[in-house]
Amino acid sequence: MRISVFGIGYVGVVSCGCLAELGHQVTGVDISPEKVALLAAGRSPIVEEAIDTLIAGAVRQGRLTATGDVAAAVMGTDVSFISVGTPSAADGSVALGAVDSVIAAIGSAIRAKPGPHAVVMRSTVPPGTAEDRIIPLLEQASGRRLGDGLAYYSNPEFLREGSSVRDFRAPPFTLIGAPAGDDAPLLREIYAAIDAPVHIAPIRVAESVKHISNVFHAVKLTFANEAGAILAAHGVDARDALRLLCEDRVLNISPAYLRPGFAFGGSCLPKDVRSFLALADEKGLAAPMLKNLLPANQAIIDRTFLAVAAHGRQPVALFGLAFKQGTDDLRESPFVLLAEKLLGRGYDLRIYDRFVQVATLMGSNRSYIDREIPHLERLMVDSPDAALSGTKIAIVGHVAPEDRPALFAALNGHAVIDLAGLAGLRDHPGIAYEGLCW
Ligand SMILES: NC(=O)c1ccc[n+]([C@@H]2O[C@H](COP(=O)([O-])OP(=O)(O)OC[C@H]3O[C@@H](n4cnc5c(N)ncnc54)[C@H](O)[C@@H]3O)[C@@H](O)[C@H]2O)c1
């Protein structure tokens, strides 16, 4: 494949060297004449492990050239990879000036090209950038419509400086954002020699995965640093503790808890977060991220309340009261907190949870709910049908599989606020569906 790589910085140079190594014919393009001259001479403009020999070898073997001439680069290649910078603007949003100008330049060059051309975005851009901004600009500049001699893919990259070449050769996966119905054969062919799974996703999703991956890494790092400082202040070898935490591949280092839904609660998480923060306070340690966990959790309950309130003060059916499905533990359940808030604001509320029998609640569970919702018994109903009849809004927190057919059958004209992501609910006929997280 003949590939032009626009932007020969940290990402672009690695792409140039590694794509050439895969056997492609690569042209590096940049607005910096110095970088172009260096690359053309077989020298890397960046410092990176293994890159010098890779670039020198590719240029020597005639598989890598460099130019500042956009039209020539587009004319002489089948596809353009874009890896220009997307730095922060003063307000924290991303500055897309370099992306705009490279897209406009490539688009104009495509206008003059007889054959088809594909554009692949490797720079990190926020979700929606392609559909709302880049594709319209590309179509306008090229005079072509997507699918008519013009293709666009998002192909974010997950390289880390310092090990970029290794990361390119052995990525965790290849992520391709493609228009609906396009299986991206061109990119599959380009990466055919890379032994990694290929995931095709809507362009918006692909853009967002790169974005949230970096945010997730920042969360992990800050968690380790804040938790580590608190532990160390209490005489714990924090590295040892964190190493062992990572040994749990079921709940800790795993997809567990990484599915958007409703707030957390129960008898352990809020209590243990509070007591861990007390350890920080005891030593006068700032832990801003951890200290915001409980307010962040409360914000999810508040957001759900606002979604209900947007419909006016209509009767509400709440499905799920225990902190999770399959238990009758109500202690610090976020559904109890939501119910409390609705009742406090005068909502007519019916609650269904097949695992909660108020009469049999005991001990701290009983005293918790007596304190929070003293007249709970009056609000509980014994079937989905009883919860839904006469109500206008259904909040679907959790519903046992055996109750789902009855829930679906009794939904009729309801506004449904789905906190569970129940299969089939979004497309259920005759409801106004609202998924707060999806
Ligand atoms: N650096 C990383 O490790 C890394 C990792 C993953 C993703 N990214 C993302 O990749 C993108 C590039 O990052 P980088 O660190 O390589 O940036 P960089 O600043 O090192 O390189 C960007 C290059 O683009 C060139 N450029 C700007 N406008 C141009 C134009 N119109 N035509 C051609 N070239 C142009 C610049 O001269 C520069 O050489 C960013 O979106 C970044 O967020 C970077």
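Analyst: Happy to! One term to settle before we talk about strands: two strands pair if DSSP finds at least two bridges between them. Also keep in mind that this is a predicted model.

User: Good. With that in hand, what is the bridge partner of Val396 in β12?

Analyst: Val396 has Asp418 as its bridge partner in β12. Further along, Ile393 is bridged to Ala415 of β12. Altogether, four bridges join β11 to β12, residues 415–418, and the two strands run parallel.

User: Which way do the side chains of β11 point?

Analyst: Ile393 and Ile395 point one way, while Ala394 and Val396 point the other way. All four are buried.

User: What is the strand order in the whole sheet?

Analyst: The order is β10-β9-β11-β12-β13, an open sheet of five strands with parallel pairing. The edges are β10 (349–352) and β13 (432–435); each has a single partner strand, so one side of each is left without a neighbour in the sheet. On average, neighbouring strands in this sheet are turned by 15° against each other, direction ignored.

User: What about helices around it? Which strands does α13 lie across?

Analyst: Helix α13, residues 293–309, lies across β9, β11, β12 and β13, and its angle to β12 is about 170°. Helix α14, residues 334–344, lies across β9 and β10, at about 165° to β10. There is also helix α18 (residues 404–410), which makes a right-handed β-α-β unit with β11 and β12.

User: Nice. Let's zoom out: how many helices and strands does the protein have?

Analyst: It has 18 helices and 13 strands. The C-alpha atoms fill a box of roughly 80 × 60 × 40 Å along the principal axes. Of the 438 residues, 33% count as buried. For contacts with a separation of 6 or more, 67% come from residues 24 or more positions apart.

User: What domains does the assignment give?

Analyst: The domain assignment gives domain 1 (2–203) and domain 2 (295–435). Their C-alpha centres lie 49 Å apart.

User: Now the packing. Which residues touch the most other members of the largest nonpolar core?

Analyst: Cys16, Val120 and Tyr153, in a core of 57 residues. Helix α1, residues 10–21, gives the most to this core, with seven residues. Apart from this core lies another one of 37 residues, including Ala317, Ile351, Leu419 and Leu425.

User: What is Cys16 in contact with, beyond its neighbours within four places in sequence?

Analyst: Its contacts there are Val5, Ile8, Val26, Gly28, Leu39 and Leu64.

User: Last one: where does Ala95 lie?

Analyst: Ala95 sits in the loop between β4 (79–82) and α5 (97–111). Setting aside neighbours within four places in sequence, Ala95 is in contact with Thr86, Pro87, Ser88 and Ala89. Val125 is 30 residues away from Ala95 in sequence, with a C-alpha to C-alpha separation of 9.3 Å.

User: Why does Ala95 count as partly exposed?

Analyst: Because Ala95 has 14 other C-beta atoms within 10 Å, and a residue needs 20 or more to be buried and 12 or fewer to be exposed.

How values were computed. Residues numbered from 1 in each chain as written. Predicted model: local features only at pLDDT ≥ 70, side-chain atom pairs only at ≥ 80, totals over all residues. Right-handed = clockwise from strand over helix to strand, strands pointing away. Core = buried A, V, L, I, M, F, W, Y, C linked by C-beta atoms within 7 Å. Contact = placed C-beta atoms within 7 Å. Domains from an automatic or database assignment. Axes fitted to C-alpha atoms, helices over the stretch in contact; angles between N-to-C directions.
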